[in-house]
Amino acid sequence: NGFTSGAQNPTVSAEGAYQLLVTGTNGCTSTATANVGLDNTAPGASVAPSGNLNCNNASVTLVTTSTANPNDLQHLWTLPDNSTTNTGADAFLAVNQPGQYSVLVTNTENGCTSTATATVIQYAPVAANIDGVQNVTCFGSANGGLVGSGSGGNGNYSFNWSSGGSDPGVSGLAAGDYILTVTDSDGCSGTVQATISQPSQL
């Protein structure tokens, strides 16, 4: 490869076969060959949160995975406010704020790096809403109705009325107070009360 040096312990920067020629004071020579390999493989990195911030999770853990030997890795995190934190060989970071996080993974054996990003989501509290009320038309009748909806959370709702209904709307109700509980698929819930009225008795 064209490399020459008169040093006993030279430093090289290219891969290849290097031949050593040693000449004694008597003019005799010996040779040896050293093969230098090139390790410039990035460690690879991916990161994902353990969940979302919601009524069940005040914090979540960011978990980094890599294809390199975990004992050779260092992890430097950039937080949503652009501050940084170094977790060293620990590939985990517990966080309690939403936003985008990035991690710089360095292989200490070869100095190569990889980066990965993940977004932590924080859901608003689940709320139950009453969108429509149909009051009873005649005293003592049971032809009232209610229409509800959910907001916040992850948007995947189930409905539970105190009257026994499980749809967003219920009908065939008598006058009185009713409670709607809305629960998302993460188990977070909100409640609201609605009142159905009726005319006075004749």
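1. Four strands make up an open sheet whose order is E6-E5-E8-E9, with antiparallel pairing; two strands are taken to pair if DSSP finds at least two bridges between them. At the edges of this sheet stand strand E6 (84–88) and E9, each of which pairs on one side only, and from one strand to the next the twist averages 20 degrees. The strands themselves (E, at least two residues) are DSSP runs numbered from the N terminus, as are helices (H or I, at least four residues), while the angles, which run from 0 to 180 degrees, are taken between the N-to-C directions of axes fitted as lines to C-alpha atoms.

2. On provenance, this is a predicted model, in which local features need pLDDT of at least 70 and side-chain atom pairs count only at pLDDT 80 or more, whereas totals for chains, interfaces and linings use all residues. Residues are numbered from 1 along each chain as its sequence is written, and side-chain values use heavy atoms, with hydrogens and water left out.

3. The antiparallel strands E4 and E7 are joined by four bridges, and Val60 stands opposite Val95 in E7.

4. Which residues have the most contacts inside the largest nonpolar core? They are Val47, Leu62, Trp77, Val95, Val103 and Val120, in a core of 15 residues, where a nonpolar core is a set of buried Ala, Val, Leu, Ile, Met, Phe, Trp, Tyr and Cys residues joined through side-chain atoms within 4.5 Å. At least two residues of this core come from each of strand E4 (60–65), strand E5 (73–78), strand E7 (92–95), strand E8 (99–107) and strand E9 (113–120). A second, separate core has 14 residues, among them Phe159, Leu180, Val182 and Cys188.

5. Trp77 deserves a look of its own, since contact is defined as heavy atoms within 4.5 Å. Not counting residues up to four places away in sequence, Trp77 touches residues including Val47, Leu62, Ala91, Phe92, Leu93 and Val103.

6. His75 has its place in strand E5 and is buried, with a relative accessible area of 3%; buried means under 20% relative accessible area, exposed over 50%, and partly exposed in between (1.4 Å probe, protein chains only). A polar atom of the His75 side chain lies 3.5 Å from the backbone oxygen of Asp90. Beyond residues up to four places away in sequence, the contacts of His75 include Thr64, Thr85, Asp90, Val103 and Val105.

7. Thr67, by contrast in setting, lies in the loop between E4 and E5 and is exposed, with a relative accessible area of 74%. Leaving aside neighbours within four places in sequence, Thr67 is in contact with Pro43 and Gly44, and its side chain reaches the backbone oxygen of Pro43 at 2.8 Å. The C-alpha atoms of Thr67 and Ile121, which are 54 residues apart along the chain, are separated by 27 Å.

8. Phe3 lies in the segment before strand E1 (16–23) and is partly exposed, at a relative accessible area of 36%. Not counting residues up to four places away in sequence, Phe3 touches Pro10, Thr11, Val12 and Tyr18. The C-alpha atoms of Phe3 and Pro70, 67 residues apart along the chain, are separated by 35 Å.

9. For the protein as a whole, there are zero helices and 15 strands. The radius of gyration is 34 Å, well over the 17 Å that the globule rule gives for 202 residues, so the protein is more spread out than a compact globule; this radius is taken over C-alpha atoms, and the globule rule is 2.2 Å times the number of residues to the power 0.38. Along its principal axes the C-alpha trace spans about 130 × 25 × 20 Å. Buried residues make up 24% of the 202 residues, and of the contacts with a separation of 6 or more, 46% are between residues 24 or more positions apart.

Conventions
Polar contact = N/O pair within 3.5 Å; in protein donor to acceptor, adjacent residues only side chain to side chain.
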